[in-house]
Amino acid sequence: MANTPKAFYRSALPTGMTTVYTVPPSGVAIITNIVATNPAASAASVTVRLGGVPLLSNVGVAPGGVLALDVRQVLSAGDKIDVQGNATPALVHISGVEVA
């Protein structure tokens, strides 16, 4: 099996719940890190769901703050990564390994 390091999502958080990645058929994805940053002057929030289950649920990120989460979460074929933020323009980086 080939293991490929991957940035599953790296962008601003949408204000509505949005699917940003779906594990390919016959594949596995392992989430290893989630980092959110808030460059704004007001508080931001971040929600991340893995396979429909909240991992981060409306977690606050202080103005100018950073949230770093080191995890090992396995997703199976067809599972999705969904993200959402509030109106504050926070950014999130979700990385890991895709196993084919």
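The following questions and answers concern a predicted model. Local features need pLDDT of at least 70, side-chain atom pairs count only at pLDDT 80 or more, and totals for chains, interfaces and linings use all residues. Residues are numbered from 1 along each chain as its sequence is written, and side-chain values use heavy atoms, with hydrogens and water left out.

Me: In which order do the 4 strands of the open sheet stand?
Reply: Strands are DSSP runs of E with at least two residues, numbered from the N terminus. Two of them pair if DSSP finds at least two bridges between them. The pairing in this open sheet is antiparallel, and the order is 1-8-3-6.

Me: Over how many bridges do strand 3 and strand 8 pair?
Reply: Strand 8 spans residues 91-99 and pairs with strand 3 in the antiparallel sense. The number of bridges for strand 3 and strand 8 is 9.

Me: Is T32 buried or exposed?
Reply: T32 lies in strand 3, residues 28-37. Beyond its neighbours within four places in sequence, T32 has contacts (heavy atoms within 4.5 Å) that include L69, V71 and S95. Buried means under 20% relative accessible area, exposed over 50%, and partly exposed in between, with a 1.4 Å probe and protein chains only. Because its relative accessible area is 16%, T32 is buried.

Me: How far apart in space are T15 and G85, C-alpha to C-alpha?
Reply: T15 is in the loop between strand 1 and strand 2 (18-22), and is exposed at 56% relative accessible area. Its contacts outside four places in sequence are Q84, G85, N86 and A87. T15 and G85 are 70 residues apart in sequence, and their C-alpha distance is 5.0 Å.
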